[in-house]
Amino acid sequence: MFQGKMKAVTFSYDDAVTQDQRLIHLFNKYGLKCTFNINYDKLGVARALIREGVTVAHCKPQPCEVPGIYAGHEVAGHTLTHAHLPRVSDHEVIRQVEDDMQKLSELVGYEVVGTVFPCGDFDDRVINIMKNHTTAAYARTTKHTDSFEPQTDLLRFKANVHHCNWDKLFAMAKEFIEMKPETPQIFYVWGHAYEFDIDNSWDKMEEFCKLISGHDDIFYGTNKEVLLGENYTRRECNQDLRILFIGNSYTYVNELWNVFADVARGEGYRLTVDQVTKGGYRLSQMNDPENEKGAVVAEKLKPDAYDVVFLQEQSHTPVSNQEAFFAASRSLCEKIRAIGARPIFYQTWGRKDGNQDLETFGWTPEGMSLALAESYRAIGEETKATVSPVGDAFLDVYKNHPEINLYHEDKTHPSPAGTYLAALCHYATLYRTSPIGVKYHFGVENDAQAQILQEAAHKAVFGE
Ligand SMILES: [Zn+2]
């Protein structure tokens, strides 16, 4: 119930434009409450917008004006820069959503607890990241529902109607006004205030405000008041990305997970790392709950336990037994996704010249490397999982910078420099950020070598 009433009306307007002030004037005149969704980094930008052949102002207030303009209503987030969240990295989702809310909180002096997806763009990965790593308690989509029932999935919140759908807006309003429900019901309207300039519909909006306002059995509140209750306080969140490494000695030699974590932490990222590794192990064994380490993997893959899982296959299996590699990978990717995490393949490299296995299989270092790359690329494409192209970077440095030794004496495992190169590729792949210039160095003799490895990782991941 809403202050003892069974019905509540709330509004949601996006993008923080100067037209909001005229809309607020209307809302205040009729005692209506609204939530305004703001891109913090866009505040102060003045532009024009052409829609349906009409040019309208699309100007944003200065940050210092926000508390005054929106007083009496609610300010919520809309990402820092109006980002299309499904297209950005895990870390960028957190930054776009959480930093926007935090900066707005500082600006308005109260906890900003909700957000809106720019252009309505979201997917399961984005929702999982928001659930685990942001304080967003609700997130409005651009999807609609005809139902006034309170929703449980507040991070995929559906509105009832966009105001531009005038006929539906008025029809739903009339239905809502006449309802005498025995359980709480919510009527939720959204839009952009500049749209009233486009079709000159300010009068129509006033007519609507007049119709929906002033009913004793309706509570008029902001999104937070209606969806979360007036006494809601910001929930806790675990901001650290939780990353699991599954693999064998190519992962545990030099403790790749720790080198990776040091690289990422050096750049300001928050994360925790965990690993399940054993010498010579194949993914098929890691995928087998009856197996010693497979049982550990099964135990660790609990719902919500990790955000990202790196998968490394035994070093020649993707070429020597591709079917086994593919079968285990498909199954593991499915299990990883089922707990809300994202799989990333760790593409390893060919043996160094002189290694006995090359002769056994009839491979060259380059031939083995390219065959591995192709196998990882194929399973990545099939499972829609990202591949961290460590093998490509290895081959590049092996051919062009023989002065840097990437291999252990056994001509197969990574030297410390090889592990550093793998960590840099993982870093660039996960955070979609160039590794050139990362502060943490490991396994290299000097800064020049570190730079060569960073450039090779950048080229392998971003292709330029
Ligand atoms: Zn928007």
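**Note on the parallel sheet and a helix pair**

1. Five strands make up an open sheet whose order is 13-12-14-15-16, with parallel pairing; strands here are DSSP runs of E of at least two residues, numbered from the N terminus, as helices are (H or I, at least four residues), and two strands pair if DSSP finds at least two bridges between them. Strand 13 (271–277) and strand 16 (386–388) are the edge strands, each pairing on one side only. On average, neighbouring strands of this sheet are turned by 25° against each other, direction ignored.

2. The model is a predicted one, in which local features need pLDDT of at least 70 and side-chain atom pairs count only at pLDDT 80 or more, while totals for chains, interfaces and linings use all residues. Residues are numbered from 1 along each chain as its sequence is written.

3. Within the sheet, strand 14 (residues 308–311) runs parallel to strand 15 (residues 342–346) and is joined to it by four bridges. Phe310 stands opposite Ile344 of strand 15.

4. Helix 10 (residues 256–266) packs on the sheet, where it touches strand 12 (241–247) and strand 13, and its direction makes about 165° with that of strand 13; angles run from 0 to 180 degrees between N-to-C directions, and axes are lines fitted to C-alpha atoms, for helices over the stretch in contact.

5. Helix 1 (residues 20–30) packs with helix 7 (residues 202–212) at an angle of about 25°, their axes being 10 Å apart. The contact (C-beta atoms, placed from the backbone, within 7 Å) involves Arg22, Leu26, Phe27 and Tyr30 of helix 1, and Trp202, Met205, Glu206, Cys209 and Lys210 of helix 7.

Note on methods
Contact = placed C-beta atoms within 7 Å.
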